[in-house]
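Subject: Structure for your review

Hello,

I am passing on the structure we spoke about. Please look it over alongside the notes below.

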Amino acid sequence: MSEDGSNGYDGIARIYIAGRGTRPLVGDAIGAAIVRAWARAFPPGATVLDLGSGPGEPSTRILQEAGLTTHAVDASPAMVAAFRERFPGVPIEQNTVEASGFFDRTFDGVLAWGLLFLLKPAAQALVIGKVAHALNPGGRFLFTAPKEPLEWLDAMTGLQSQSLGAQTYGRLLRDAGLTWVADAQDEGGNHYYFVEKRQPK
Ligand SMILES: C[S@@+](CC[C@H](N)C(=O)[O-])C[C@H]1O[C@@H](n2cnc3c(N)ncnc32)[C@H](O)[C@@H]1O
C-alpha cells in the first residue's frame with residue numbers, strides 16, 4: 001500500500017472524478033448493468049458496504065437507486081470530499097478498507113468494485129476475511145479482479161496492481177467460509193466474482 005493509503009488514487013482523484021465520477025447517466029458506466037442487477041436482487045432497505053467507493057459514482061448511486069441502505073469507505077480525502085458533495089446523507093468513512101471501523105458492523109452485501117487488486121496480497125486476504133465476518137448469513141459479496149494471476153502497473157497511478165487469480169481467490173473465499181457462486185465479464189473486460197455467505201443448514 002502507498003503511504004496515502006489510497007494506493008495513489010488521492011493524487012489523481014480530480015482526473016478520475018472527471019472521467020468516471022461525473023456521469024449524466026449512471027447507466028453508461030462500464031459494468032454498471034452487472035452491479036445494478038446485483039443490487040436489485042436485495043430486498044429494499046438491505047444494508048450494503050461500498051469498499052473503495054471513490055466519489056460514489058457510479059457505485060453508491062446504483063446502490064441508492066436500488067433502495068439499499070448504503071455505507072462507504074475510501075482512503076482518499078479528495079474522493080471522500082467528492083462523495084460527500086454528491087451523497088450528503090450517506091455515511092462514508094475516510095479510512096483504508098484494511099482498518100475500516102465499518103467491519104465492526106454487519107451488512108447484507110459488500111461491494112468492492114475496482115479495489116481488491118490495488119492491495120498487497122496479504123491485505124487482499126485480510127479484507128476477504130473481514131468481509132466474511134461482516135456479512136449476515138445469506139449475505140452477498142461482489143468484487144472485481146482479473147481471472148488470471150497477474151501483476152501490472154495501474155494505468156492511472158502507475159503503481160503496482162496484483163490479481164491473485166481465480167484459483168487463489170477461490171481458496172481464500174472458501175477458507176473464510178464464503179461460496180463463490182458465479183462470474184461475469186463486462187464490456188470493458190473486467191471480471192466479476194459473485195460470492196455468498198451461505199445460511200447455516
Ligand atoms: C479504481 S478506484 C474505484 C472507485 C469506485 N469503486 C468505482 O468503481 O468507480 C479505487 C478506489 O479505491 C480507493 N482505495 C484504494 N486503496 C484503498 C484502500 N486501501 N482503502 C480504501 N480505499 C482505497 C481509491 O481511493 C479509489 O477511490
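This is a predicted model: local features need pLDDT of at least 70, side-chain atom pairs count only at pLDDT 80 or more; totals for chains, interfaces and linings use all residues.

Ligand site. There are 23 residues around the ligand, and those that come nearest are S6, Y9, G52, G54 and S76. Sorted by class, the shell consists of 10 nonpolar, 10 polar and 3 charged residues.

Nonpolar core. The largest nonpolar core contains 53 residues, and within it V35 and V110 have the most contacts. Helix 2, which covers residues 32-40, supplies the largest share of this core, namely 5 residues. If residues up to four places away in sequence are left out, V110 touches V48, L49, L51, V131, A134, L135 and F141.

The peptide bond that joins E57 and P58 is cis, with omega at about 10 degrees. P58 itself sits in the loop between strand 1 (47-51) and helix 3 (59-65).

N7 is a residue other than glycine with a positive phi, near 55 degrees. In the chain, N7 belongs to the segment before helix 1 (13-21). Is N7 buried or exposed? N7 counts as buried because it has 24 C-beta neighbours inside 10 Å, where the cut-off for buried is 20 or more.

When you open the model, the cis bond between E57 and P58 and the positive phi of N7 are the two backbone items to view.

Regards

Key. Residues are numbered from 1 along each chain as its sequence is written. A residue is near a molecule or strand if its C-beta atom, placed from the backbone, lies within 6 Å of it. Ala, Val, Leu, Ile, Met, Phe, Trp, Tyr, Cys and Pro count as nonpolar, Asp, Glu, Lys and Arg as charged, and the others, Gly among them, as polar. A nonpolar core is a set of buried Ala, Val, Leu, Ile, Met, Phe, Trp, Tyr and Cys residues joined through C-beta atoms within 7 Å. A residue is buried if 20 or more other C-beta atoms lie within 10 Å of its own, exposed if 12 or fewer, and partly exposed in between; C-beta atoms are placed from the backbone. Helices (H or I, at least four residues) and strands (E, at least two) are DSSP runs, numbered from the N terminus. Two residues are in contact if their C-beta atoms, placed from the backbone, lie within 7 Å.
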